[in-house]
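Good morning, and thank you for coming.

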Amino acid sequence: MAAGYGDMLRTRYAARLLTGTLVGRLPTATAALAIVLFARAEGGSYTLASALSATYGVANAVGQPLLGRAVDLRGQPKVMLPAALLSALGMALFAVVGLEPLPVAYAAMIVAGFFTPPLEGGLRALWPSVLKDESRIHAAYALDAVAQEVMYAAGPLIVMLLVHEWSASAALLVINVLGVLGALAVVTSAPSRQWRSEPREAHWLGALRSRGLLVVLGAFFFVGSALGAINVAAVAYADAHGNEMISSYLLSALSAGALVGGVVYGARQWAGSPETRLRAIIALLALGYLPLITMPGVIAMTVLAGVAGVFLAPALACAFVVVDRHALRGTATEAFSWLITSFGVGASIGVGIVGPAVQAGGARAGFAVAAGGGVAAVLVLLAARRALSAPDTPSAVVARSENDRNAAVEPGFSAGHQA
């Protein structure tokens, strides 16, 4: 698999697109922690900090599929670069204004979240045209998940270092400038400028007509809620131990565990269908969250956080393949963006719930919320086992597109009508 990764990265533009996307997504990856730290530094309560972070997350979740559909219709540069600039300006407004007046702070969170460019969905839509080989594409999905965990491991440390050296507001500004630069690296590349989505069936539901996709979205809503809860619970755990850096230890350990899990997962070929494998991986992920409720000392807690993260990257990598298999024709960016949306909405709801839970019951209650999210994700996959069966054989009248290996078309709609 190391050779497979190397072969994939040596493909022209692959390294640039992967790196640009990761850097461009740094604001989103660090938003939950950065917003909470900034709100607390400005004198806000955990409940207010959670509400602001949840507002950003919900706006992000609403914007991703809408911007993803716009990308499928209009191309990447015309949508992603203006969106990246508007998102950064929204966060800059929040950093300058602070918590007063509060309506302006909420408006800034809405702008910053809604206009977050759909870089992640866009990258996965680009891979087929860039790599042109199924084995390389699957290697790209695995490496993508692993690379994200490097970002999620480094992100909290970068935020904490910026806060320590300068201020929480400076951390927000620097992270978002980096985000714009990452988006710029992607949209100025030839593959991004030349990419066009395949024609799609006209329907207001778009990618959501796929039953299999809906099941994955439901499961990852709860996975997201678990991770959102852990972000706030980690800060509360750190406060209880009198050292704010502890939260970065826990979150970085969580991502480091996911990094290790992703590398191991990508080191071999797996038998069976991706749908069956996804159920098993999510069950193991949920099992890893339960010991966090015991809240031992800092060293042991950091180890438990690392173990809890081991199955996150494999879950993401497997979900990418499942979404790819179930996405309808011409909805590649939108389908992947809906996965991000589901994850983001779940994280925002998790953050919104865990704030009052931490106020009432401390960090232990926060980690209990996370464990509950993991269990709920497993239940969704088990309850919808039939809907998430392997996709049917594509119709022979539909050409297989470079962006949609499933090439499914919703019955009852004419191919002459395009959205």
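Is Arg325 buried, partly exposed or exposed? At 27% relative accessibility, Arg325 counts as partly exposed; buried means under 20% relative accessible area, exposed over 50%, and partly exposed in between, with a 1.4 Å probe and protein chains only.

Before going further, a word on the basis of this talk. The model is predicted, so local features need pLDDT of at least 70 and side-chain atom pairs count only at pLDDT 80 or more, whereas totals for chains, interfaces and linings use all residues. Residues are numbered from 1 along each chain as its sequence is written, and side-chain values use heavy atoms, with hydrogens and water left out.

Let me turn to the salt bridges. The whole structure contains six of them, a salt bridge being a side-chain nitrogen of Lys or Arg within 4 Å of a carboxyl oxygen of Asp or Glu. Arg325 takes part in one, with Glu275, at 3.0 Å from N to O. Arg325 belongs to helix H15 (residues 312-326) and Glu275 to helix H13 (residues 274-289), so this pair ties together parts that are 50 residues apart in sequence. Helices here are DSSP runs (H or I, at least four residues), numbered from the N terminus. Glu275, at 1% relative accessibility, counts as buried.

A second pair joins Arg69 and Glu334, at 2.8 Å from N to O. Since Arg69 lies in helix H4 (residues 46-74) and Glu334 in helix H16, the parts tied together are 265 residues apart in sequence. Arg69 counts as partly exposed at 22% relative accessibility, and Glu334 as buried at 1%.

Arg25 sits in the loop between helix H2 (14-24) and helix H3 (26-41), and Glu120 in helix H7, so parts 95 residues apart in sequence are tied together. Both Arg25 and Glu120 are buried.

Finally, the helix pair. The axes of H7 (residues 119-131) and H16 (residues 332-383) come within 8 Å and cross at roughly 140°; axes are lines fitted to C-alpha atoms, over the stretch in contact, and angles run from 0 to 180 degrees between N-to-C directions. Which residues of H7 make the contact? They are Glu120, Gly121, Gly122, Arg124 and Ala125, contact meaning heavy atoms within 4.5 Å.

Definitions and conventions. Helix = DSSP H or I, 4+ residues; strand = E, 2+ residues; numbered from the N terminus.
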